[in-house]
Amino acid sequence: MKSTRTAWLFMMPTLVILVFIGLVPFIYVLYIGFFDWNLFSKIRGMSWAGLNNYRKLVFDSDFNASLGRGALFTVLTVSIEMVLGILLANLLMMKIKGIKFFRAIHSLPLTVAPIAIGAAWRLMTLPGLGPVPYYLQKIGFDFNIGRYAQQAFFTTVIMDIWHWTPFITLAFLAGLSSLPKSPFESAMVDGANRWQIQLHITLPLLKPVILTVLFLRIMDALRIVDEVWMLTGGGPGTATRYIGIHIWRVVFPKTDYGYGSAMSVIVLYFTIVLTWLLITSVSQSRKEVAK
Amino acid sequence: MKKLLLWIVVLMLTVSVVATFSLVGCKAVPEAVEAEKPVVEEAPAEEEEVAGSWWAQAAAPYKDVTIKGISESTPPSKYMQEVLAKSFMEETGINVEFEVTSWDEMYDKEIKDMEVGTGIYDFVYIEQDIIFSYLHNEYLLDMTNFMNENPELVFDDLDMDDFTSFINDFKDDEGHVYGLPFEAFLKICLYRKDLFENKEIQDAFKGEYGWDLRPAVTFDEYGQIAKFFTEWGKDNDMELWGTTVQAASHPSSFYEIFETILPPAGVYNWGINMENWKATSADGGAMDSDKAKEALAFWVSMLDYAPPEATSSTWDEVAASFAAGRAAQGWVYGENAAWIATNAEKSVVVGNVGVARPPLMEGVLEEAEAGEGYIGYYDGGALGIPHCSKNPEAAMLFIQWVCRKDFQGEFAKAGSRIVRTSTFDDPIVLAMDKEVDGYYSMFKNEGYLYKGAPPFPFHATIREVIYTYTIQAITGEMTASEALDAAAKATNEELVKLGYGK
Amino acid sequence: MTGKGKRVFIYLIWILLSVCTLFPIYWLFLVSARSRIELFDSPTFFQTTFYIKNFTRPLLNDIYGSYIFNSVIIATGNTILVMVCAIFATYALSRYRFKGANNIFFWTITNRMAPAAAFMFPIFLLYSRVLVIGDISFFDTHIGMILVYCLFNLPFSIWLLKGIVDGIPISIDEAARIDGASTLGIVWRIVVPLSAPGIAISSVLSWIFAWNEYLFAAALTSSDARTITTGLAEFVTIVGTNWGEMAAVALVSVLPALLFLGFVQKYIIAGITFGAVRE
């Protein structure tokens, strides 16, 4: 009885835009990955390279290094954020006056443009200008993220924690507040203490939320560019050159379009796999929780 | 209520659609040529009656046209934006929107515009090193042909022969010109005269190293001086270090290494053999030669004697560091020499700046004098017109305006750049020469010892490949030796991929 | 720990956390208020003077003012486009059965998750070479950017709204239909008003996202449609010494987000997680 024609008509604008902006570019990038194409090569234009780009990528130490760095960065940031986030969510659950105010402040970093975050942190850590190097100098610690790779790396980690912990916190808050009361009530009746409740009831019930948040954070951390670019430019050396920055540099200043496209495709592949994992595990855990 | 909501939404939709399409392709805000108080005087008004009327006449058909250009935010470009563009607008009625931005952005925007053919810019900054790429990709308008076809647009006193040999970099094989130079300078060494001529310092130095303090001639001497001053600064509680180093993890560090440090080691053209397009010494290149490694290692070691901001310094910051009195010597671009030596608003070392040749390894000076090599970087840029420009005529007029002989003196004063041989004898320049410790004389007499970047159409790509490794040498992730080995190998591979060599 | 002591302890922690959260923004403010000379003195935490030139020069005399204007146009335009498309799409998805809706959902999430670097380049080529009519291309246009941001904003607006629209009983639709309303009428007169809060939320979130975005804006614009976030990046190597102006511009770009903060913080989680997590 329902006219499916109207339905398709309604979907049309959305589908057209998404195909145009999402599908077509994807096919295009897939296509270009099979060619050698650099703006400034001897013979202008594209030349067929088959699977060469992909073959090279497997052994490309720069590419693999940037993947590795990105992975390390992700592991560190996400694990710390998860722990902090859960702790803070518990703290925010307290019904004390002014909690709404603190919550609002706490969620501020989520709304600030990543590039502005990078700018702010850069200004804080600039030698000669920022308070961080200045006061660390006073206690004898030489802080210079332009020079020391480790320091730069950890600064990006801390910056990301500052940026995204609120996300975990708020997600947990949302999750916690939508939990059914009955399991808790029965547990209290059974005489369980706080920690037991947390471990055996809260966390399992929150599994969908945890998984969702975990996967989202992992995927977002893997593709970070703006803040890091502004803070360190990928340096010092290649210390903070994560995969997003690496691809950008290959495509734009190096104008190596073919190779850059192949890289993009590989990274997209990982993204698809991770997304699939996310969706299946979340819906799986939802079913478990429902039981 | 719901109707109201509907109308509001429709209204906003209409407004934004209209706004969007009316803004596509045009500028929403009046042009951005408002300037801070210019530090130099206005361009001279002599011969205004005769020259002025030619310009106004030639520009008459293009009055009220707006031309748009882009350049790097350096002193000469800022002078063009703040002074010359304004006087041009007054004289001709052609609007000039001169965008001055960072080096990375400028290239990105320029190349995109010309590759895509969007015609956003009517004149672009062509640095001496990228002209080869632009010529290869046919991005630019052939000015020689253009001027032949439009004689009414050619200023009779343009005097192409008066340009220094620098203009040859902007010509193709047939001698057609694709850009008119507006800036050229050498990367030399600056040093603090006040410190070098200080008796106490001189005695201390002699005592420690056994020779009289003077600007360094070899790498070893440079290193000793750097070490000395860094210690001196520490002992006397001064914010003083021995040298600047352009060591940001940014392409700028590449340029200091390959155009200013390696040539003095006898490694030319980035160590790439231009016959077989190889960079490894096993195949006839020199990028990973012992001399190159020695020079790079030396340069990296200078970081110990440089102020902390060195690893965040690109060209501008190096100049700023020196101007803030934080370094006793430094490799600094000549375009900064003038303001560092004379502008009290921006520099605390006014009157104390000395100019010297960069330190060299043995035998390199002789090679350069014989024309077989070079000792450093002859940098500069020209203004060219993209092929896709919509207003080439008006752009051509503006570019010639900037090249006017009578403007060159003041221009040189503002940006310490010289592109015309006649400018060397301009009274303003001669007067300035003393204040800049003879930089202009050095430029005139020794300019031939320096060279611009090698004629590589693949300049940007290979630079990206190489600098990925050299920045790792800066942080110590790789030694200088490892970095150059890796860079040479990667360069070989990339060149083959680009179609050069086998 | 006593009840009261516990409270104090918690307040202390929250105050400490708030300071940590606010400090970078506060520092931005401090730097923007200082002139060049002041900046090279030792960094202090209080400021009595305010160097307004850091704001006025880039915003009024230079190109950054037009960048802000572009950001506003693009963000607003995108939000409106997304809302209109999303409302219709959500209604269709909610009321009709579509084969493969789940697959489409998966695909749209992938788009949102993909590294921008992967899409930047093909879209750049598309805009600059493929979709060209004579002189006009999508490159460096407002409409081009408005379309690109749909890649992220459309999917999540749809999924955000879907939950809400699903909650509107079909019986209302049918009642309206009996009264003679067309489908279009149902959408405008019933669905939109009833899901107004959801529309408001996704509008705000879309707007903020479009405003904050950097990579695509950097890749796909040059000067006409450049946004303020890209403008900020241009400061980085411009003249290393002009930190004051950079901070000023950064602060201005942060302002809209701050304004919407109270509003946003409740719903931002639902937005980011595609409605998987909501209060």
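**Figure 1. The two domains of chain B in a predicted model.** In this predicted model, chain B splits into domain 1, covering 51-185 + 379-449, and domain 2, covering 186-377 + 455-498.

**Figure 2. Close-up of the contact between the domains of chain B.** Here 25 residues of domain 1 of chain B meet 24 residues of domain 2 of chain B. On the domain 1 side, the elements that supply two or more residues are helix H3 (75-92), helix H5 (131-136), strand E4 (180-192), helix H16 (408-415), helix H17 (427-435) and helix H18 (439-446) of chain B. Sorted by class, this side of domain 1 of chain B holds 11 nonpolar, 7 polar and 7 charged residues.

**Figure 3. The two domains of chain C.** Domain 1 of chain C runs over 1-51, and domain 2 of chain C over 54-272. Their C-alpha centres are 32 Å from each other.

**Figure 4. Close-up of the contact between the domains of chain C.** Let's look at where these two domains touch: 10 residues of domain 1 of chain C are in contact with 10 residues of domain 2 of chain C. Helix H1 (3-32) and helix H2 (36-39) of chain C are the elements giving two or more residues to the domain 1 side. Of these, H1(C) provides the largest share, 5 residues. The class count for this side of domain 1 of chain C is 6 nonpolar, 2 polar and 2 charged residues.

**Figure 5. Chain A on its own.** Chain A has 291 residues, and 52% of them count as buried. Its secondary structure is made up of 13 helices and 2 strands. The C-alpha trace of chain A spans about 80 × 75 × 35 Å along its principal axes. Among contacts in chain A with a separation of 6 or more, 71% link residues 24 or more positions apart.

**Figure 6. Close-up of chain A against chain C.** Across this interface, 75 residues of chain A are in contact with 76 residues of chain C. On the chain A side, helix H1 (residues 4-32) gives the most, with 15 residues. Overall, the side of chain A that touches chain C comprises 52 nonpolar, 19 polar and 4 charged residues.

Technical notes:
Residues are numbered from 1 along each chain as its sequence is written. Chains are lettered from A and ligands numbered from 1 in the order in which they are written. This is a predicted model: local features need pLDDT of at least 70, side-chain atom pairs count only at pLDDT 80 or more; totals for chains, interfaces and linings use all residues. Two residues are in contact if their C-beta atoms, placed from the backbone, lie within 7 Å. Helices (H or I, at least four residues) and strands (E, at least two) are DSSP runs, numbered from the N terminus. Ala, Val, Leu, Ile, Met, Phe, Trp, Tyr, Cys and Pro count as nonpolar, Asp, Glu, Lys and Arg as charged, and the others, Gly among them, as polar. A residue is buried if 20 or more other C-beta atoms lie within 10 Å of its own, exposed if 12 or fewer, and partly exposed in between; C-beta atoms are placed from the backbone. Domain bounds come from an automatic or database domain assignment.
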